[in-house]
Amino acid sequence: MSNETESTRQQKVARQIQRDIGDIFSKEAASLLCGAMVSVTLVRMSPDLELAKVYLSVFPFEKHAAVMESLEKNNWLVRKALGTRVKHQLRHVPELVFRVDDSLEYISTIDKLLKE
């Protein structure tokens, strides 16, 4: 899962942000998730640690558009909650870019096609 081109620092910060955002989703920002179950599958950090691409798995997948729209509108809320958690580890709270991790949907589609 780790990328060879990422530094150790990027990987550590990415893992911490992954845990923190997952915790934020389960405790503080559950209302933003439109009743879907959302898990953070991967976080990729830019080399300067100013940008975090957060990959999300959404179940049921049909709600992914509503969840992504809600998170884009309320990005500041998630970033603020993240800032309170990482204020002693990072100088700047990274910008968050949310992406859908559709690998589970892809696997499901392939499995369904193979069963036909």
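Student: How exposed is E95, buried, partly exposed or exposed?

Tutor: E95 is partly exposed, with a relative accessible area of 42%. Buried means under 20% relative accessible area, exposed over 50%, and partly exposed in between (1.4 Å probe, protein chains only). This is a predicted model: local features need pLDDT of at least 70, side-chain atom pairs count only at pLDDT 80 or more, and totals for chains, interfaces and linings use all residues. Residues are numbered from 1 along each chain as its sequence is written, and side-chain values use heavy atoms, with hydrogens and water left out.

Student: Which side chain meets E95 in a salt bridge?

Tutor: A salt bridge is a side-chain nitrogen of Lys or Arg within 4 Å of a carboxyl oxygen of Asp or Glu. Here R79 is the partner of E95 (3.3 Å, N to O). The pair links distant parts of the chain, with R79 in helix α3 and E95 in strand β3 (residues 95–100), 16 residues apart. Helices (H or I, at least four residues) and strands (E, at least two) are DSSP runs, numbered from the N terminus. R79 is partly exposed too, at 27% relative accessibility.

Student: How many salt bridges are there in the whole structure?

Tutor: A search finds five. One of them joins D23 to K27, the closest N and O atoms being 3.1 Å apart. These two are four residues apart in helix α1, so about one helical turn separates them. D23 is partly exposed at 23%, whereas K27 is exposed at 60%.

Student: Where do E28 and R85 lie?

Tutor: Their side chains meet in a salt bridge (2.4 Å, N to O). E28 is in the loop between α1 and β1, and R85 is in helix α3 (residues 75–86).
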